[in-house]
Amino acid sequence: MEPNNKKAKMVNNKFKQNKKKYYQKAKKHVLQVGQRGFLVTCNMNEKACVRECYNLLNVYADQLYGTVAEEISKEGDFDSDSDDLDAAVAKCKEEFSERRVRFQNVDTGTTNCLFIKTRLADPVGLGKHIVEDITKTGKAMSRFIMRLVPIEAVCRANMPDIINAAGLLFDKHFLKEPTTYGIIFNHRYNQQIKRDHIIKELADLVNSKNVGNKVDLHHAKKSIIVEVLRGWCLLSVIENYLDRKKYNLAELTCPTQPKTNGNGDGKAAEAVGEKSKEAAAEESTQVADETIDQKSPKEAATTEAVEEAAEADIQNNSVDDTTNDVSADNE
């Protein structure tokens with residue numbers, strides 16, 4: 001028979017092995033070519049930002065497309081009389097397992113910058129719906145999310161791949177009707193892609209799609225978003241991006257007030273304050289005059305009598321003073 005200590009060690013080792021298997025780390029999702037989703041910037045608390053992204057995106061996606069179960073039930077209909085019933089059921093289960101998660105956080109390798117990939121066909125439409133609703137209501141279901149930018153294409157961060165991915169994307173947005181556009185370029189942890197070079201290449205590509213396309217840096221109808229994260233490039237074309245505060249949810253909920261710059265604005269503010277004070281003083285004097293005019297005849301008579309008595313006292317006092325001065329001179 002084996003001693004009790006040896007049995008205890010065997011049990012403990014077995015428990016530790018099972019524990020290791022049970023607490024295995026979850027597999028990380030990484031950026032891949034062809035993905036689409038949302039680029040999210042946050043303020044230091046990435047875990048809370050991921051939770052907010054899931055809540056926000058799922059709520060608005062359910063409003064636009066219905067719940068995941070409803071979507072699958074619509075697309076998973078099949079003929080019950082078909083001979084291949086088992087294959088149809090298996091296909092439906094496979095679609096459900098793949099589509100039950102609409103949004104998934106992806107590791108970008110950068111701080112305060114997240115990417116939420118999606119299986120939805122049009123992330124730009126969902127992002128537009130979110131921004132319009134927040135602008136209309138003035139309320140956002142977010143505390144840690146700063147900017148929520150829809151992304152239509154992901155490719156490798158080299159010029160040939162970027163031009164190829166942008167060419168397919170620009171056929172959708174710039175081929176039919178001429179419009180105004182602007183290019184917004186940002187890069188993180190990447191010094192290979194130069195700003196001037198990529199902007200020139202993309203501008204030439206847009207102009208080749210339609211000669212009527214014009215650059216407008218301040219009021220562009222369509223903005224080309226180019227975000228380079230390490231070895232990946234994220235591309236998107238968004239309408240009215242500048243008018244929507246660059247999809248900054250915090251600025252959409254808190255509209256900016258006119259700022260005071262320089263001494264001129266300060267002097268103007270002081271002048272306005274002085275004018276308001278003068279206006280208030282004039283109003284108070286006008287009110288006092290009106291109250292005096294609105295007195296009854298008896299009150300007016302009494303006030304006149306009091307004023308006459310006071311004047312008489314003043315005159316008597318002045319006469320007494322003059323007599324005293326004369327007597328002093330005679331002495």
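Helix α2 meets helix α5 through L56, L57, Y60, A61, Q63, L64 and Y65 on the α2 side and G125, L126, H129, I130, D133 and I134 on the α5 side, where contact means heavy atoms within 4.5 Å. The residues of this contact divide into 9 nonpolar, 3 polar and 1 charged; Ala, Val, Leu, Ile, Met, Phe, Trp, Tyr, Cys and Pro count as nonpolar, Asp, Glu, Lys and Arg as charged, and the others, Gly among them, as polar.

The model is predicted: local features need pLDDT of at least 70 and side-chain atom pairs pLDDT 80 or more, while totals for chains, interfaces and linings use all residues. Residues are numbered from 1 along each chain as its sequence is written, and side-chain values use heavy atoms, with hydrogens and water left out.

Two packed helices are described by the angle between their axes and the distance between the axes. The axes of α2 (residues 46–65) and α5 (residues 123–137) come within 10 Å and cross at roughly 100°. That makes α2 roughly perpendicular to α5, a label for angles of 65 to 115 degrees. Axes are lines fitted to C-alpha atoms, for helices over the stretch in contact, and angles run from 0 to 180 degrees between N-to-C directions. Helices (H or I, at least four residues) and strands (E, at least two) are DSSP runs, numbered from the N terminus.

In α2, the residues A48, C49, V50, E52, C53, L56, L57, Y60 and A61 are buried, that is, under 20% relative accessible area (1.4 Å probe, protein chains only). These buried residues pack against β1, β2, β3, α5, β4 and α8 (249–253).

The open sheet has 4 strands in the order β2-β3-β1-β4, with antiparallel pairing; two strands pair if DSSP finds at least two bridges between them. Strands β2 (103–106) and β4 (145–151) stand at the edges, each with a single partner strand, so one side of each is left without a neighbour in the sheet. Neighbouring strands are turned by 25° against each other on average, direction ignored. β1 (residues 37–42) and β3 (residues 113–118) pair over 5 bridges, and T41 has C113 in β3 as its bridge partner. Helix α5 lies across β1, β2, β3 and β4, running at about 145° to β4.

Most residues other than glycine have a negative phi.

| Residue | Phi | Loop |
|---|---|---|
| Y189 | about 55° | between β6 (180–188) and α7 (195–209) |
| R230 | about 55° | between β8 (222–229) and β9 (232–239) |

R230 is partly exposed, with a relative accessible area of 39%; partly exposed lies between the 20% limit for buried and the 50% limit for exposed.

Notes: Parallel < 35°, antiparallel > 145°, perpendicular 65-115°, else oblique.
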